[in-house]
Amino acid sequence: MIKLRLPGWARLPRQPLLRHLLFGAVGVAFFYVLSISLSDFNDFQLGEVGVYAIAIAGLSVLTGVNGQISLGQGAFLAVGAYTLGELEVHQSINLVLQLLIAVAVSALVGLIIAVPATRLRGPYLAGMTLLLALALPFLSDKYSSFFGGDQGLITLPPNAPGSIDPQRWLTWIQLFCALLVVVLLANVLSSRFGRSFRAVRDNEVAASLAGVHVARTKVIAFVISSACAGLAGALLVLSTGVVNTGEFPLSLSIYLLAGMVLGGAGTLTGAWWGAILVVYLPNQWSQSIANAFHANHLVGANLAVIIFGAVLIVVMLAAPAGVQGGLRWLGHRLVTVSTGPKPAGNISVTLQDQPVSKQDRDGPESDRAATSID
Amino acid sequence: MRLFWNITLGGVSEGLIFASVALGLVLIFRATNIINFAQGAMAMLTTFIAFSVLGKGVGYWPAFVVALACGLVLGGVVQLVLIRPVQNKPPLNAVIVTFGLLILLEGLAGAIWGNSNRGFPAAFSQSGLVVGHTSIAFSHFDVFIVVAVLALVVLVALLFRFTTLGLRMRAAAFAPEAARLLGVRVSWLLTLGWSFAAVAGALAGLLVAPTSVFSPTFMDLILVYAFTAAVIGGLDSPLGAVIGGLVTGLALAYVGGYLGGALEPIGALVMLIVVLMIRPEGLFARPTARRV
């Protein structure tokens, strides 16, 4: 056990907004350095990590924090993607406006689905969103003149200012959006909304007795999740350059679910671990593994799917808290950080299961009691 | 008018296929409160095993029996290895595990048999029967579908109503604690329930495969249609599953026949939403208070 005693100025700010903005700024610096030191192709994949982190973070809020499960995350990605595609085809407007419209449209579709969905519990909602993920691609078959049929719609990468490499510029846009979304979600989760999300997840009756409007809370969580997915879809087609239904199979929804489960349901940091898995496993790792074992091409083509399935099962059976849960546990076991005199009012921080709760571990006995509630 | 009757006949045989998958979902849900989203993928796997057995040149019926036997084993193994550990965890865990199994089995089937579309032989001729002088959209194979699914339903009904095993299974499903105190081996009966459900699924796979493209994902849509059927039927009544299957099959046949096949999944989604909005407990189940 390592005990760290930090001076007072090194303590994280206690206001959630400041703390999250600080993390966001560190993220911006980190990704800037990372992206300029990577090649074009690696930049492309780094941008995709950001995109999938947005989708998984939304799913994580919905499933991990609010306790609703959605298999339709891929469908909402498609909504955002097609919205951006239509905007690009029919008129050229500002990229920021395009992204905002894509978010608004997918949030609206999410709202329409959420109203019946929030009356449902676990398996019913899972079945309905599964049907949504399977059914939505058929709309583009039926109305192929509008949705571009099998070829889909063509999108152009955004123009980079000055002499910046276009691919790098797109990666920056994607990563900036991802950091922005994560900071916003972190704020939502530490607000009144976040507390009601958790209260509804843990016990709907108790939550409604405590004055939480259960149905409205579930709708809000669902809309947040679908808005995130819509933004991710719109950002994704900026780099793929084409929108068609082949980009959004059922397996995409299941990959996102697996990424969320692996990273740790309900944690925003975990969304990044999940996104790394979703980007690198199908494209690179599965091929390397297949080559290492001299597997035939059928195995190579299906290895990623098999691993995603195995990840879902194994993580759920063995470590439902996922990677982030494991890291937190490890962090608590190995390092305790204390920051001089304890600030008052820490108990409420512990009850909100904030990521800084490691500050509390070294406190006096009264705080031990609080952590055991957590 | 002839179009209408042909669509109706097609809807009946489709609906009975949905019913057999729905029956599997209901058997499992009733006993364990879990929706087995891997029901379709498990059926896909047993059908591919039958496909390999057929490739050995042993004829249709041995392969048919092998598929059902594999279903029996697969259902039990899945319950023992994967479902038991999450049985008493939050319901989302079981949902996620069955989804993991869904995609795992599809990946395995793709790795073994490939992802291309194939054809699967039918037990009987698939050309339409001739009534009077006109050929109708109902073949010998459709007759086989009707007979096979009805036989399955009757067997399930007989099992639950007239045998000690069926009584024990019902007791284990409805009052596990009391049944356990009376000496019923509840956990083994749950395993057996999964086995029976997987046999129903295996039958459905053999009935669907000749009528559609045969690839590792061929049961995906059938599964969600069967889920719709099971929800319409109330999720805990085997008879409701059959009626729900017929309702879903007919409704989707009319949507597909008159509005275009691409709208069938959208039609199912609309049906599911409407039913869940109006009667979340299903059309045929007695409404019960939700347990909190």
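# Report on a predicted two-chain model

In helix α8 (residues 192-202) of chain A, the buried residues are Gly194(A), Ser196(A), Phe197(A), Arg198(A), Ala199(A), Val200(A) and Arg201(A). They pack against α2 (40-65), α7, α9 (204-209) and α10 of chain A. The structure described here is a predicted model.

## Chain A: surroundings of Leu189(A)

One of the buried residues of α8(A), Gly194(A), is also a contact of Leu189(A), which touches Val61(A) and Val65(A) as well when residues up to four places away in sequence are left out. Leu189(A) belongs to helix α7 (residues 166-189) of chain A. Is Leu189(A) buried or exposed? Leu189(A) has 23 other C-beta atoms within 10 Å and is therefore buried, since the threshold for a buried residue is 20 or more. A separation of 22 Å lies between the C-alpha atoms of Leu189(A) and Leu77(A), which are 112 residues apart along the chain.

Chain A contains 16 helices and four strands. Of its 374 residues, 48% are buried. Where contacts in chain A join residues at least 6 apart in sequence, 75% of them link residues at least 24 apart.

The largest nonpolar core comprises 217 residues, and those with the most contacts inside it are Leu231(A) and Leu312(A). In soluble globular proteins, nonpolar side chains tend to be buried together. Which residues does Leu231(A) touch, not counting residues up to four places away in sequence? The contacts of Leu231(A) are Ile54(A), Gly80(A), Leu99(A), Ala102(A), Val103(A), Cys177(A) and Val181(A).

## Chain A: confidence

The mean pLDDT of chain A is 80, and 86% of the residues score at least 70. Confidence in chain A is highest in helix α10 (residues 214-240), at a mean of 91, and lowest in helix α16 (residues 365-373), at 35.

## The side of chain A that touches chain B

How many residues of chain A are in contact with chain B? The contact involves 40 residues of chain A and 41 residues of chain B. On the side of chain A, the elements that give two or more residues are α5 (122-142), α11 (250-263) and α13 (297-318). The largest share, 15 residues, comes from α5(A). By class, this side of chain A has 31 nonpolar, six polar and three charged residues.

## Chain B: overall organisation

Chain B has 11 helices and two strands. From the N terminus on, its elements follow the order α-α-α-α-β-β-α-α-α-α-α-α-α. The C-alpha trace of chain B spans about 65 × 50 × 35 Å along its principal axes. A compact globule of 292 residues would have a radius of gyration near 19 Å, and the 19 Å of chain B agrees with this. Within chain B, contacts with a separation of 6 or more are accounted for to 71% by residues 24 or more positions apart.

| Chain | Residues | Buried residues |
|---|---|---|
| Chain A | 374 residues | 48% |
| Chain B | 292 residues | 51% |

## Chain B: helix α4 and the residues after it

Helix α4(B) has 23 residues and reaches 33 Å from its first C-alpha to its last, close to the 33 Å expected at 1.5 Å a residue. This helix is mostly covered, with 18 of its 23 residues buried.

Trp113(B) is part of α4 (residues 91-113) of chain B. Why is Trp113(B) classed as partly exposed? Trp113(B) has 18 other C-beta atoms within 10 Å, and a residue counts as partly exposed when that number lies between the limits of 12 or fewer for exposed and 20 or more for buried. The C-alpha atoms of Trp113(B) and Pro216(B) are separated by 8.4 Å, although the two residues are 103 residues apart along the chain. Gly114(B) follows α4(B) and has a positive phi, near 90°.

## Chain B: the loop residue Asn33(B)

A positive phi is also found at Asn33(B), about 60°, although this residue is not a glycine. Asn33(B) lies in the loop between α1 (2-32) and α2 (39-55) of chain B. With 16 other C-beta atoms within 10 Å, Asn33(B) is partly exposed.

Technical notes:
Residues numbered from 1 in each chain as written. Chains lettered and ligands numbered in written order. Contact = placed C-beta atoms within 7 Å. Nonpolar A, V, L, I, M, F, W, Y, C, P; charged D, E, K, R; others polar. pLDDT = per-residue confidence, 0-100. Core = buried A, V, L, I, M, F, W, Y, C linked by C-beta atoms within 7 Å. Expected span 1.5 Å × (residues − 1). Rg over C-alpha atoms; globule rule 2.2 N^0.38 Å.
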